[in-house]
Amino acid sequence: IPSTVFVGTLARLLKMKLPRLQRKISRLGLANEAPYDHVLTSDYAALLVEEFGCNAIVDDEAAFDLHPPPATPDSKRLSPRPPIVTIMGHVDHGKTTLLDTLRSASVAKGEAGGITQHIGAFSVPVPSVNGGNTDGPQSITFLDTPGHAAFSAMRARGAGVTDIVVLVVAADDGIMPQTKEVIGLIKQDQGKIGLVVAINKVDKPDADVESVQRALLAEGIQLEAYGGDIPSVRVSGLTGEGLPDLVETLSAVAEMQDLSAETDGNSFGHVLESKVQKGLGPVATVLVLRGSLKIGAHIIGGLSQGKVRLMSDSAGATVKVATPGMAVSVSGWKTLPKAGDEVIEASEADVKKALANRIRKAEMDAVLNDVDAINETRRQDKERRKEEPLLVQETVTGPKQLRIIIKADVSGSAEAVEGALQCIGNKVVATKILSSGVGDISESDVMIAKASEATIVGFSVSTPRSIETLAAQNGVPICSSNIIYRLVEDIRARVTALLPVTVETKVTGEATVLQLFDIQLKAKQIKKIAGCRVTNGLVEKSKFARIVRGGKMIHEGSLDTLRQLKKDVVEVRKGIECGLCFCGFTDIREGDLIQMFDKIEKP
C-alpha cells in the first residue's frame, strides 16, 4: 500500500466492494473516515488491511497505480452531459431495427442472423421543442448491446455505465429469458438507473400490448399505465411509429436525473469494445465519463497503454476532443485493451510506472494461482495413490477434452464465445479453451493447434485460402461462423462425438442345429460341421454370429464356412437347410440356436 491512500483505492487493493470496507471502518469507530474519497494514512490503512487477514507493506514505488479521480464536489465546475442509454432485450425483439430507425442507417441488415454481435455506440440529437431551446439534453448516446444468451457479460458491462435502460419487449412475443435477465440487472441497480419500457412491433397483426404490460407487472415492473412510475412507449422499429415519443420520454427522464460531469482535467472512461483494425492497429471504443479526452493524451487501460493518435465517432468523422457522454473509437494503443477496462489519462511517466506495476502484479498473481493449482493436484495424486493403487492409471486420464483456440473480431466477442463454449460438456467429455485472441486466423494458430491437437474456432473473422490449405494438410479442424449459436451447436456436436458410443445388436437371422457331422481334413484333423435349418430371417456369412444354449450366450464370433449341399454359399434363406462351422470354436451341440446379427453404433 502507498503511504497515503483513498478509502475507495484501498477497497480496490483488497479486491472487495467499497460498502464492505466502509462497514468495517464504521464498526471500528471511524465512521467519519468512511467516505470513499477520505485519505487514510498508512498506519490506519495497515490496521484495516490486517482486519481482513492480509499483511500491509508500505511501499510507494511498488504500490503506485492510477485510479479514477473522485468526482468533484464543486457544482460550478460541472457541465450537463448527454445521457447514456442502453437498449436491452431478448434476441429478435427488434432492438437493432429500432436503433437503426433512430440513426437511419442500416445495421440490422448487415448483422449476421439479425443478432448484434458486439456493442456499438452512437449519438442521436434531440429536437428542441417548438424550435425554442430547452433545459433537456441536446443529444442522447445510445449503446447497443447484444441480446443473445452468450453475451450476458457484455450486457452487464453495458448496464454498468448506463444512466437509462430501454427495455425492448416484442408485443407479439412477450417476456422471454433474456428479458428476465435484464430485469434482474435493473433490480440490482435500482435507484441508480432510469428505466423506460419500449413495447416494439406494435404494427404486427398479432401484437398484444395489454398482455405484455400485465406480464411486466408480474415481473415487478410498475408501469405508469398501472399507476407505477415507469414510462412505457409503444413503438415500431420497422415503420418508425412512436420513436419521437421514445426520444422525448428519454429526454424527460434524463432531465429529472440532472446528469452532469466536469469537462476539464484528466479524462476517465471505459473500454466498450476493442479490435485490431487494418492500417490502425489496436483500436478501442472508449466511452468518456469525466474530463475531456484529446488527441496526444497518454492513457492506460488494464494492461495496455497508448497515446491517442486518432479519434472518430460512430459515423467515422474525426473528433478532436471527446467530452463526457461521448463514445469514440481511439487508436494509438501499444497492445489491445480488454472490453470493460477503465481508461485513465495521466502523464507519460505515470502511465509507464503504473503499467509496469500492473504487469508485475498480474504475473505475481498468475504464479501464485499456478502454485496453488500444482500443490492441489499433487495432494490429490498422493491421496489417490494411497486409496487406489490399482486405479491410478484410470483416474489420471480424467474426462476427454476438446481443446479449443478462439479467434474473434473484437475482444468482447472473444470473451462471449469463450463463455458460451466453456460450459459445454459433462463428467466424461469437456471443452478446454487453450487461448482466445483477436484477429484473423494465422499460420501460428494452425501450428499451435497441431501441436496441442486443438480445434480452431473463428467468430466473424476471415480465414485466408492458404491457411485453410495448411490446416487441411496438418489435420487441424477450423470451425468458423458469424453467428454465435451456430458455433455453439458445432462445438456441441464435436464434443458429443467424443462420447463413447453405445453398441446395439440387431438380429437378422436364426438357425437351429439339427445334427452334427465330423469331416476328415488333411493331417488327421477333424472339423465339426453343424447341420442346421434356418428358422427366421436370413443367415449371411458376412454377419456376426453367436451361439445361444438354454437362453444363455455361449460364444460370439464369425462363421468360417457356410455350405448348402457341397456348394459354398454367401446366404441361406428361411426354411432351407445348410451346414456351417465357426472360426476357432468346436463345442457346438444339437439343439443350439445360432443367431446372425449386426452391430449398430449409436452416439
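Which residues does Asp 206 touch, not counting residues up to four places away in sequence? In this predicted model, Asp 206 touches Ala 171 and Asp 172. You'll find Asp 206 in the loop between strand S8 (194–200) and helix H8 (209–218). Asp 173 is worth a look here too: Asp 206 sits 33 residues from Asp 173 in sequence, with 9.2 Å between their C-alpha atoms.

Now for the barrel. Six strands close it up in the order S11-S12-S17-S15-S14-S18, and the pairing is antiparallel. Going from one strand to the next, the twist averages 45°. Zoom in on S12 and S17 and you get an antiparallel pair held over five bridges. Within that pair, Val 286 stands opposite Val 328 in S17. As a reminder, strands of a sheet pair through backbone hydrogen bonds.

Next, a pair of helices. H13 and H14 pack at an angle of about 15°, and their axes are 10 Å apart. An angle under 35 degrees counts as roughly parallel, so H13 is roughly parallel to H14. Their crossing is right-handed. Here's who meets whom across the contact:

| Helix | Residues spanned | Residues in the contact |
|---|---|---|
| H13 | residues 443–452 | Glu 443, Val 446, Met 447, Lys 450 |
| H14 | residues 465–474 | Ile 467, Leu 470, Ala 471, Asn 474 |

Sorted by class, the contact of H13 with H14 has five nonpolar residues, one polar and two charged.

Definitions and conventions
Residues are numbered from 1 along each chain as its sequence is written. This is a predicted model: local features need pLDDT of at least 70, side-chain atom pairs count only at pLDDT 80 or more; totals for chains, interfaces and linings use all residues. Side-chain values use heavy atoms; hydrogens and water are left out. Axes are lines fitted to C-alpha atoms, for helices over the stretch in contact, and angles run from 0 to 180 degrees between N-to-C directions. Helices (H or I, at least four residues) and strands (E, at least two) are DSSP runs, numbered from the N terminus. Angles under 35 degrees count as roughly parallel, over 145 as roughly antiparallel, 65 to 115 as roughly perpendicular and the rest as oblique. A crossing is left-handed if the near helix is turned anticlockwise from the far one by less than a right angle, and right-handed if clockwise. Contact means heavy atoms within 4.5 Å. Ala, Val, Leu, Ile, Met, Phe, Trp, Tyr, Cys and Pro count as nonpolar, Asp, Glu, Lys and Arg as charged, and the others, Gly among them, as polar. Two strands pair if DSSP finds at least two bridges between them.
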